[in-house]
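Q: Please take me through the terms used for this structure, setting each label against its definition before drawing a conclusion.

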Amino acid sequence: MDPTPVVGARYMSSWWRSVQPAPKDPILGVTEAFLADPDPDKINVGVGAYRDDNGKPVVLECVREAERRIAGNSNMEYLPMGGSVNMVEETLKLAYGENSELIKDRRIAAVQALSGTGACRLLADFQKRFCPESQIYIPVPTWSNHHNIWRDAQVPQKTYHYYHPESKGLDFAAMIDDIKNAPNGSFFLLHACAHNPTGVDPTLEQWKEISHHIKVKGHFPFFDMAYQGFASGDPERDAKSIRIFLEDGHHIGIAQSYAKNMGLYGQRVGCLSVLCEDEKQAVAVKSQLQQLARPMYSNPPVHGALIVSTILGDPDLKKLWLKEVKVMADRIIGMRTALRGNLEKLGSPLSWQHITNQIGMFCYSGMTPEQVDRLTNEFHIYMTRNGRISMAGVTTGNVEYLANAIHQVTKSA
Amino acid sequence: MDSVFAAIVQAPEDPILGVTVAYNKDQSPVKLNLGVGAYRTEEGKPLVLNVVRKAEQLLVNDQSRVKEYLPILGLAEFNKLSAKLILGDDSPAIQENRVATAQCLSGTGSLRVGAEFLAKHYHERTIYIPQPSWGNHLKVFTMAGLSVKTYGYYDPTTLGLNFQGLLEDLGAAPAGAVVLLHACAHNPTGVDPTVEQWEQIRQLIRSKGLLPFFDSAYQGFASDGGECFIAQSYAKNMGLYGERVGALSIVCKAADVAGRVESQLKLVIRPMYSNPPIHGASIASTILKNSDMYNEWKIELKAMADRIISMRKQLFDALTAKGTPGDWSHIVKQIGMFTFTGLNSDQVAFMTKEYHIYMTSDGRISMAGLSSSTVPHLADAIHAAVTRAS
């Protein structure tokens, strides 16, 4: 065997010479661009991370206290593949109800997941493995990463009508049509509350109809609930869509995240649950979910889970959390009112009713990509090009500037 | 309403993690968990390093710290320090900006992200893994869309390296095939090539144009100008198991290539979990960037390694004293957290049933799970398993 000298190896070209530069993530790329901008008036209304009225990120008091209790006491051992049992139990209560019979009957297969993204990905991989003939129906528009997730899981995807641009509300009739026309047993991705990016949610009556038609077709309803607590300020109220489906007897799936409502963004803590016919099936499904987690990351990170179970397991801390969530939601609702009010005061020719009709962290402004580009280039305002404004980035200090900028780029529309 | 998942059957327990599940169910006071590779003290307790506790306190006391999303590729400071740790402070690859690094979820996550990148961007879809290897390797690479072949590694007759078989199998691999290498402390066997053998392996790999993927890393490879993948974990060496701290580094030929590779890594990660967990990487970073804490870490790490070496000697001495049939010198020759005992699955089952010893059925024991007080019980169990009538 002729040993190749080291020198010879250097003359070979890279394995990766044909690797193309990837496009920037449409959402996370916004913050990168914002950070690079030196302008003092710049505003980041891109990524959906909460800011206080000073534009500063917030660590909740309940979280600080939980961390004080954890530091020095956690032995950092591996969690089981399915994650923290404690954390998962508390999390299911939030979604299914504090006294849910389904939890008592152990009918829910649930695992700790890497925030909402991780929960969706596990479900997508699970769908691919066990319902390989099925498709996922995704609303238009949706969080852009939903498409990436199901694509990488190799599940064929279709879309269903959701947002109605003319009314800046829900395209309900078309949505129902799409549900009816989808092949029986399709998977439907539903935003439980505070739809991202539009902020447009069905009414309770509409949810009941949606549930009915999904039931007729035998579809699998999968709820992505990333904003429980953020929509109305009341987590129970925000879970109403899910409760309607449960009452209707659906066997649903839910992706839950603590990124926003507990401010645990970087900790990557969430939960995937699948409601089954009985305990035996739940045990089987959970074991299969674990089989998907193992070759992805083996077991989920412990720190965020400890924070969640410390807070939710202590009645006083839980009460404090609920109070702090309401403060965040209320501030956002206040900013919606302020932004709309400012635009109307400026004499905008357009209707801005949708700003206060829409709900949750985001406002789908209706601005075009060109108008958004002008906002960025002329006014140093950073947001995603679909016109989505993260209301969490709006403050009493910048709302006038923002309103004026929006007015400038839209007044001749 | 029928569930769409009505026909799903229960998955078998994970062969490694399932050992702990079984151990936990056992009520016996003499039960011993030698399954998963998590370090234990002499008292059989998990260990959090002092320097980790210090880092923890620094973090919790720093009121200015927030919990925002990390970038997709993780904590930049952590990535730089991790690359330096594995490639060396004076690595030309680092100085020339040829290394793309992503913080990932411990070793598993680093392997998976690297494998998905390969499946997407590399022209060869086959990865060669040693026989045997960590049980999860097969699943990780298969799930990522690669096809897995094996190369000779362990010789059951010598309980050592099958070097000829290794050279033959890698020599027969197609040009460009990916080769998984355990840089040191091979899991599960504890059998490592010598320095001379590593150099031969390196030359073979470079001459055949194979792509090395290290689960941990070997210095020689990274400084010979060639490209490679490296999966790093802080689970064991910093005791950060459950925090899921690791890094994937891809050493490229040129800086602009590394830049493009980095951008494509983001597309693999974003639909998997968006961005990695912040806590563990912050602890690791705090330690690595502070020279006092770094030195403290090295000392505590050595103490763990030394205790394990001592357990090897004690077990070997105990079996020798009992006159247990067979050559048990591999216990002290093998290296790292595991010993591949050479016991078969029947013998293992016997030891579990009669002596409440929990270990994987391939005969692998985690030396970290032993203490001076439990070595005699294990020696008894091995002796009984080997001498009983089949």
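A: Two strands pair if DSSP finds at least two bridges between them, and the elements themselves are DSSP runs, numbered from the N terminus, with helices being H or I runs of at least four residues and strands being E runs of at least two. This is a predicted model, in which local features need pLDDT of at least 70 and side-chain atom pairs count only at pLDDT 80 or more, while totals for chains, interfaces and linings use all residues. Residues are numbered from 1 along each chain as its sequence is written, chains are lettered from A and ligands numbered from 1 in the order in which they are written, and side-chain values use heavy atoms, with hydrogens and water left out.

Q: What makes strand 3 and strand 4 of chain B a pair?
A: Strand 3 (residues 126-131) and strand 4 of chain B share six bridges and run in the parallel sense, and since at least two bridges are required, they count as paired.

Q: Which strands of chain B are called edge strands?
A: The open sheet of chain B has seven strands in the order 2-10-9-8-7-3-4, with mixed pairing. Strand 2 (99-104) and strand 4 (147-152) of chain B each pair on one side only, and these are the edge strands. Neighbouring strands of this sheet are turned by 25 degrees against each other on average, direction ignored; axes here are lines fitted to C-alpha atoms, for helices over the stretch in contact, and angles run from 0 to 180 degrees between N-to-C directions.

Q: Why is helix 12 of chain A called roughly perpendicular to helix 5 of chain B?
A: Two packed helices are described by the angle between their axes and the distance between the axes. The axes of helix 12 (residues 279-297) of chain A and helix 5 (residues 106-121) of chain B come within 6 Å and cross at roughly 85 degrees. Angles under 35 degrees count as roughly parallel, over 145 as roughly antiparallel, 65 to 115 as roughly perpendicular and the rest as oblique, and therefore helix 12 of chain A is roughly perpendicular to helix 5 of chain B.

Q: Which residues make this contact between helix 12 of chain A and helix 5 of chain B?
A: Contact means heavy atoms within 4.5 Å, and the residues concerned are A:Arg294, A:Pro295, A:Met296 and A:Tyr297 on helix 12 of chain A and B:Thr108, B:Gly109 and B:Arg112 on helix 5 of chain B.

Q: Why are A:Cys131 and B:Cys228 called buried?
A: Buried means under 20% relative accessible area, exposed over 50% and partly exposed in between, with a 1.4 Å probe and protein chains only. A:Cys131 has 13% and is therefore buried, and B:Cys228 counts as buried at 1%.

Q: Where does B:Ala368 lie, and what is in contact with B:Ala368?
A: B:Ala368 lies in the loop between strand 13 (364-366) and helix 15 (375-387) of chain B, and at 0% relative accessibility this residue counts as buried. Leaving aside neighbours within four places in sequence, the contacts of B:Ala368 include B:Ala38, B:Tyr39, B:Arg307 and B:Met337. B:Gly37 is 331 residues from B:Ala368 in sequence and 7.1 Å away in space, C-alpha to C-alpha.
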